[in-house]
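My notes follow in the order in which I checked things.

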Amino acid sequence: MSFDAYALATPGARRLQPYEPGKPLEQLEREYGITDAVKLASNENPLGPSPMAQRALEAVLQGVNYYPDQHALVQRLGERHGVAGSAVTLGNGSNDVLDLVARAFLLPGCNAVFSEHGFAVYWLATLACSAEPKVVPALPSSHAEMPYGHDLPAMLASIDARTRVVFLANPNNPTGTWVERPELEAFLDAVPEHAIVVLDEAYIEYVDLAAFPDGTAWLSRYPNLVVTRTFSKIYGLAGVRCGYALSSEPVADLLSRMRHPFNVNNLALAAASAALDDAGFVAHSAATNRAGLAQLRGACQSMGLEVIPSIANFVCVDVGRPAAPVYEGLLQRGVIVRPVANYGLPDHLRITVGRAEDNERVIDALASVLRA
Ligand SMILES: *Cc1c(COP(=O)(O)O)cnc(C)c1O
């Protein structure tokens, strides 16, 4: 039997490259025989999960014989953002809602527009539908204000009659760059009505900048706007998987049709709901991050390394040489960061902001690797 699974697969499945997660701590410790490794590779919260979410998780365990009920969290999120519950779509992480948008709006022959250094999941979601990724060059590395940032005029110009989705992360991962209110507003005004704009705000809770736009304020004005948020970053719940989209009700209705009925589990619902109330933890996480960003940026710059502007919980650093051996050297010193060659940045490493002592550790290790 000459069975060829690849020949039978959809064109998109054949083109897909599996997502490469940051190396897990236990894997590094196993492979290198190290015991006190630190992971600053996946933009996770170094302070742990929200304590209120932890208590909620313990309390919900007795109820896991029941299927999940999304109602309470959906209502709470609607209230939080000043929209009806029918404008909220929950996901198994915000990756899930990105995928729902793709599945609801992308067909083979259609395209999704996103930036050269855009999030890997935009590739995955687009190719899973056998649609075409339309990748737009970013601003040049020599750009005065926002090197490697989104080039909104170029993104706008690349939208064509077959574009159904535009993915735009603000701040962006893996660069940390951002777009401000007037330019984003002008962009949304100009996007034609046959394209959905997905504004991915996974890191917005870390941002402390007056000119930074909150996409939810525009929901009533742009019926083609989808704003996505996540509990994986500042709320410290990456492992339970919960994210959501806010959109006009027709878009939410369509996303909901594509959704697996029980896509968010009981633990995620309870933890997310409790974490929303944990304003103290969020504020503490943001403050820790602010100090850590300055610490990492300052240390890298004093080593003579260029750091891409970032207002998220990571920095993307040009190590001035191919980054793969530097990444390896850091692993040997028990520090996991993220190589970003798959994002078109072969000389950069992305470092998640940790606690002060974690940052110290990565700075010392980086100095040692670059010296060697
Ligand atoms: C981390 C991240 C997310 C969140 O993914 P989850 O599935 O919610 O864990 C979404 N978008 C971007 C750009 C990210 O970096």
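I began with the largest pocket, whose volume is about 650 Å³. Its lining has 30 residues, and Pro-18, Glu-20, Ala-120, Asn-342 and Tyr-343 are the closest to its centre. I noted the terms: on a 1 Å grid over the protein atoms alone, a pocket is an open set of points with protein on both sides within 12 Å along at least five of seven lines, a cavity is a set where a 1.4 Å probe fits but cannot get out, and lining residues have an atom within 4 Å of a point. Volume is the space filled by probe spheres set on the points, with points joined across faces, edges and corners.

The model is predicted: local features need pLDDT of at least 70, side-chain atom pairs count only at pLDDT 80 or more, and totals for chains, interfaces and linings use all residues. Residues are numbered from 1 along each chain as its sequence is written, and side-chain values use heavy atoms, with hydrogens and water left out.

Where does the largest pocket lie? I find it between domain 1 (22-48 + 280-371) and domain 2 (51-275), because both give residues to the lining. The domain bounds come from an automatic or database domain assignment. α7 (120-128) gives the most to this lining, with 4 residues.

Next I looked up the second largest pocket, which holds about 540 Å³ of space. I count 32 lining residues there, with Tyr-19, Ser-42, Asn-95, Phe-119 and Lys-233 nearest the centre. Domain 1 and domain 2 each supply at least three residues of this lining.

I found 1 cavity of 30 Å³ or more. The largest cavity has about 40 Å³ of space, and residues including Asn-45, Tyr-206, Ser-285 and Val-353 line it.

Then I turned to Ser-50, in the loop between β1 (38-39) and α4. Is Ser-50 buried or exposed? I have it as buried, with a relative accessible area of 0% (buried is under 20%, exposed over 50%, partly exposed in between, with a 1.4 Å probe and protein chains only). Ser-50 touches Tyr-235, Ala-275, Asp-278 and Phe-281, leaving aside residues up to four places away in sequence (contact means heavy atoms within 4.5 Å).

Last I checked Pro-68, in the loop between α4 (51-60) and α5 (71-81). Pro-68 counts as buried because its relative accessibility is 17%. Beyond residues up to four places away in sequence, Pro-68 touches Phe-262, Val-264, Asn-265, Asn-266 and Leu-269.

Key:
Helices (H or I, at least four residues) and strands (E, at least two) are DSSP runs, numbered from the N terminus.
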